Amino acid sequence: MASSAGPEIERLITLLARLPGLGPRSARRAALALLKKREQLLLPLGQAFADAAERVCTCATCGALDTADPCAICADGARDPALICVVDEVGSLWALERAGAFRGRYHVLGGLLSALDGIGPGALRIAPLIARAAEPSVAEVILALPATVDGQTTAHYLADRLAGAGVTVSLLARGVPVGGDLDWLDDGTIAQAMRARRPA
Ligand SMILES: [Zn+2]
């Protein structure tokens with residue numbers, strides 16, 4: 001990405017290019033936008049980065065990101081302590097919270113088991129999950145993991161490990177999405193939806 005920019009600008013572009021979804025070309029565009037909007041964008045963003053770096057921490061209980069430990073969800077007494085929803089990453093937790101369909105607590109694994117990438121159970125927050133599931137207040141563990149090979153491998157492994165914990169272990173339903181037209185769906189989704197059919 002050779003350019004005639006000074007070292008500070010090159011450094012900004014190099015760092016921006018490491019962000020997910022940004023290659024060198026879009027990083028240059030983003031850097032230019034920041035530099036052109038110094039007061040409105042560059043300075044407030046710099047302050048937001050500094051605040052986040054100083055204040056955001058990982059919740060020791062569930063693994064979520066927040067400015068407090070325990071996080072706001074773990075500390076919320078209105079949340080149902082009987083339900084733990086297991087997700088791969090914080091982004092999945094945020095997606096479930098946006099949907100507003102779950103009023104229990106979460107457990108963030110920090111990834112998925114992957115033979116290909118050499119990620120074993122010790123690399124994920126599985127031992128703390130087993131310990132939480134054994135608490136008397138917990139009745140159900142919901143495995144809300146991706147419908148991928150690694151996601152399903154991880155779900156099977158966790159279901160085995162949780163078998164002796166005295167909790168119900170459940171999986172998210174898979175099938176026809178809201179607003180989905182059968183003609184647009186992939187074969188795997190249609191097959192899953194047919195297998196998971198229920199009485200009308
Ligand atoms: Zn938490």
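**Charged pairs and the zinc site**

Modeller: Aspartate 76 counts as partly exposed because its relative accessibility is 25%, the class lying between buried (under 20% relative accessible area) and exposed (over 50%), with a 1.4 Å probe and protein chains only. The model is a predicted one, in which local features need pLDDT of at least 70 and side-chain atom pairs count only at pLDDT 80 or more, while totals for chains, interfaces and linings use all residues. Residues are numbered from 1 along each chain as its sequence is written, and side-chain values use heavy atoms, with hydrogens and water left out.

The partner of aspartate 76 is arginine 103, and their side chains meet in a salt bridge at 3.9 Å, N to O, the term standing for a side-chain nitrogen of Lys or Arg within 4 Å of a carboxyl oxygen of Asp or Glu. This pair links distant parts of the chain, 27 residues apart, since aspartate 76 belongs to the loop between helix 4 and strand 3 (83-87), whereas arginine 103 belongs to the loop between helix 5 and strand 4 (105-108). Helices (H or I, at least four residues) and strands (E, at least two) are DSSP runs numbered from the N terminus. Arginine 103, with 46% relative accessibility, also counts as partly exposed.

A second salt bridge is formed by the side chains of glutamate 97 and arginine 79, at 2.6 Å from N to O. Here too distant parts of the chain are linked, with glutamate 97 in helix 5 and arginine 79 in the loop between helix 4 and strand 3, 18 residues apart. Glutamate 97 is partly exposed, its relative accessibility being 27%, but arginine 79 has a relative accessibility of 5% and therefore counts as buried. Helix 5 covers residues 90-99 and also holds tryptophan 94, which counts as partly exposed at 47% relative accessibility.

The count of salt bridges comes to three, and the remaining pair to describe is arginine 38 with glutamate 39, whose closest N and O atoms are 3.9 Å apart. Arginine 38 is partly exposed, with a relative accessible area of 47%, and glutamate 39 is exposed, at 56%.

The zinc ion has as its protein donors the SG atoms of Cys59, Cys62, Cys71 and Cys74, which lie 2.3 Å from it. Donors are N, O and S atoms within 2.8 Å of the metal (3.2 Å for Na, K and Ca), and water is not among the atoms, so sites may look incomplete. Along the sequence, the donor residues follow the spacing C-x2-C-x8-C-x2-C. The angles among the four donor atoms run from 105 to 115°, and the site is tetrahedral, a label given to four donors if all angles lie between 85 and 135 degrees. For four tetrahedral donors the ideal angle at a metal is 109.5 degrees.

Methods. Tetrahedral: all angles 85-135°; square planar, octahedral: opposite > 155°, others 65-115°.
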